[in-house]
Amino acid sequence: MIEDKKLENILLKNDLIEKEALEKAKNEAKKEKEKLFDYIIEKDLVNIDSLYSQLAAFYKLPLIKLKNETIRKDVLFLIPEPIAQTHEILAFNKDAMGISIATTDPTDLQTIEFLKKKLETNLKLHLTTPKSFKEGIKQYHQSIEAEFKNITDEKESEKGKKNLKELAQDLPVIRIVDTLLEYAIFEEASDIHIEPTEKDVVVRYRVDGMLRDVMNLPKSVRSGIVARIKVLSNLKLDEHRLPQDGRFKIANQQYKVAFRVSIIPVFDGEKVVMRLLNESVKALNLEQLGLQEKPFKILKTNIEKPHGMILVTGPTGSGKTTTLYTIMNVLNKPEVNISSVEDPIEYRMPRINQSQVNPKIDFTFAAGLRSLLRQDPDIIMVGEIRDKETAEIAINASMTGHLVLSTLHTNDVASTPQRMLNMGIQPFLVSTTLNCVLAQRLVRKICKNCIISYNLDKKVVEQLKRHFDLESMQVFLTEQGLLSKKNNSFEKVLFYKGKGCKQCNDSGYKGRTGIYEVMENTLAISDLIAHKATAEEIEKQHLKENNLTLTQDGFMKALQGITAIEEVLRVTQE
């Protein structure tokens with residue numbers, strides 16, 4: 001919240017703490033790798049009211065006690081409860097001069113700026129103590145509970161019989177759904193899960209690839225929430241037995257987000273999963289993907305070739321589609337025609353002819369790809385090669401002067417040619433058309449706001465030894481200049497992790513990046529593929545050519561403080 005030096009001055013100047021006690025607190029905070037302010041609050045070393053009174057004077061902000069404030073419902077809900085809880089900030093008054101906001105941390109500029117844009121009005125900032133904030137936050141529950149009394153189970157079933165559309169228009173239901181969507185956008189979630197259970201409704205978000213609970217809602221609002229989402233996505237309100245898919249968009253000055261909705265019947269009702277696709281995010285360039293120097297050069301060289309096939313491989317949710325979109329963005333020039341057949345179209349790209357597969361009318365990847373070849377394309381993107389027919393058409397397209405980009409579900413680069421052969425493609429066709437294969441995984445990035453360094457303990461090193469060849473990894477990292485020759489024991493090397501803070505919701509991570517392995521189809525590898533070599537033989541030759549492996553890339557990023565070693569272990573274990 002406040003810099004240590006400034007805090008020391010305030011504490012000593014106002015006789016809030018003895019000098020000896022302050023020195024001791026400083027040393028202890030340093031030992032525990034905590035900020036001095038957090039340590040003092042946590043250990044209750046000073047009078048909190050007096051400290052916040054001095055901080056209010058320092059920041060030139062009025063101090064507010066929320067215990068005696070009766071906050072109007074329309075004002076309180078200007079800030080969704082999850083944002084208020086996570087960032088300890090809430091709206092308590094509104095007048096002609098603007099909206100009065102109470103916060104425990106006036107230095108959280110990211111949240112304050114977000115609210116300024118969202119509310120489109122002047123914010124009058126006030127400081128409040130953590131205890132006072134807890135009193136204010138109680139009013140959310142009081143307001144919501146009062147509204148929930150109007151949607152009891154009995155009323156819900158009555159309304160369900162009468163008109164589900166009416167239920168979807170209930171103000172509390174609209175407010176809950178709006179809060180869920182808005183908070184998911186703010187948290188940069190990729191998916192929202194709304195799961196009915198026997199007793200309540202559990203809401204979870206997938207943030208940086210990991211699901212976490214966000215809130216539990218009363219069972220009585222279940223039908224209303226599902227009905228509201230069905231209305232938004234133009235789905236059948238009275239269909240509860242069959243799965244339904246739909247989509248809708250939310251667009252304003254701050255963001256433009258498409259929600260892909262999937263509803264499926266489960267034992268306790270209907271489960272809703274919404275995938276968030278942020279359409280206002282700019283397409284990445286190759287540099288932003290996070291490739292190391294050698295793999296970057298290999299990929300760049302191969303996407304500049306006029307024909308051939310580039311395959312991106314990895315498990316579901318490893319960022320393959322993002323990589324393909326990035327490559328298409330680089331190649332997207334007026335002099336070429338780029339066409340794609342996808343399932344589904346995740347992002348709209350200007351000047352690229354994107355078509356969506358639809359198995360109901362027999363518009364499959366193979367059928368779409370066959371039609372695309374009559375559209376005079378230079379570059380073709382196929383969302384995924386799933387069967388022999390699609391693979392054959394893709395191979396023929398790459399032989400006849402087209403650059404084909406696609407994905408395949410394999411775990412590593414060396415087994416990718418093998419997968420094509422298993423689909424029934426002739427070895428000589430694979431060996432002559434394949435340009436390169438890129439395998440990838442997504443790792444969470446360490447939060448820059450709470451990053452700390454530490455040494456691995458013996459248990460962790462032993463665990464790493466069970467999964468990786470640490471000796472050869474030491475040699476490799478020493479050659480890369482990331483370990484010193486004298487001091488290259490993994491127990492002595494500094495690694496990094498996130499301690500957890502408000503910015504990262506105490507997870508220690510914020511955002512994701514890729515770890516990559518790129519295999520170029522060199523003459524030696526092409527010869528092995530043509531002679532039906534095993535994945536192990538291809539892997540051996542690939543490593544002989546001094547190519548970077550997924551785990552080597554992961555270790556490099558862990559030593560550079562980009563990700564944590566636990567993340568590398570998590571995504572590379574098979």
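Student: What do the buried residues of helix 21 pack against?
Tutor: They pack against helix 17 (415-422), helix 18 (427-433), strand 15 (434-446), strand 18 (509-520) and helix 22 (535-544). Helices here are DSSP runs of H or I with at least four residues, strands are E runs of at least two, and both are numbered from the N terminus.

Student: Before I go on, what sort of model is this?
Tutor: It is predicted, so local features need pLDDT of at least 70 and side-chain atom pairs count only at pLDDT 80 or more, while totals for chains, interfaces and linings use all residues. Residues are numbered from 1 along each chain as its sequence is written, and side-chain values use heavy atoms, with hydrogens and water left out.

Student: Great. Which residues of helix 21 are buried?
Tutor: In helix 21 (residues 523-530), they are I525, S526 and I529. Buried means under 20% relative accessible area, exposed over 50%, and partly exposed in between, using a 1.4 Å probe and protein chains only.

Student: Where do they sit when you look down the axis?
Tutor: The buried residues of helix 21 fall within an arc of 100°, so they line one face of the helix. The arc is taken from the directions from the helix axis to the C-beta atoms.

Student: And what follows helix 21?
Tutor: K532 does, and its phi is positive, near 55°.

Student: Switching to the cores: how many residues has the largest nonpolar one?
Tutor: It has 58, and L90, I192, I194, Y205, F259 and M274 have the most contacts inside it. Helix 11 (residues 171-186) gives the most to this core, with eight residues. A nonpolar core is a set of buried Ala, Val, Leu, Ile, Met, Phe, Trp, Tyr and Cys residues joined through side-chain atoms within 4.5 Å.

Student: What does F259 touch?
Tutor: Leaving out residues up to four places away in sequence, its contacts include L181, I185, I192, M274 and L276. Contact means heavy atoms within 4.5 Å. There is also a second, separate core of 34 residues, which includes V357, I395, I425 and L434.

Student: How many aromatic pairs are there?
Tutor: Nine. Rings of Phe, Tyr and Trp (its six-membered ring) pair if their centres lie within 6.5 Å; planes under 30 degrees apart count as stacked, over 60 as edge-to-face and the rest as tilted. Y183 and Y205 make a tilted pair, 5.6 Å centre to centre with 45° between the planes. Y183 lies in helix 11 and Y205 in strand 5 (residues 200-207), so the pair ties together parts 22 residues apart in sequence.

Student: Is Y205 buried or exposed?
Tutor: Buried, at 0% relative accessibility. Y183 is buried too, at 3%.
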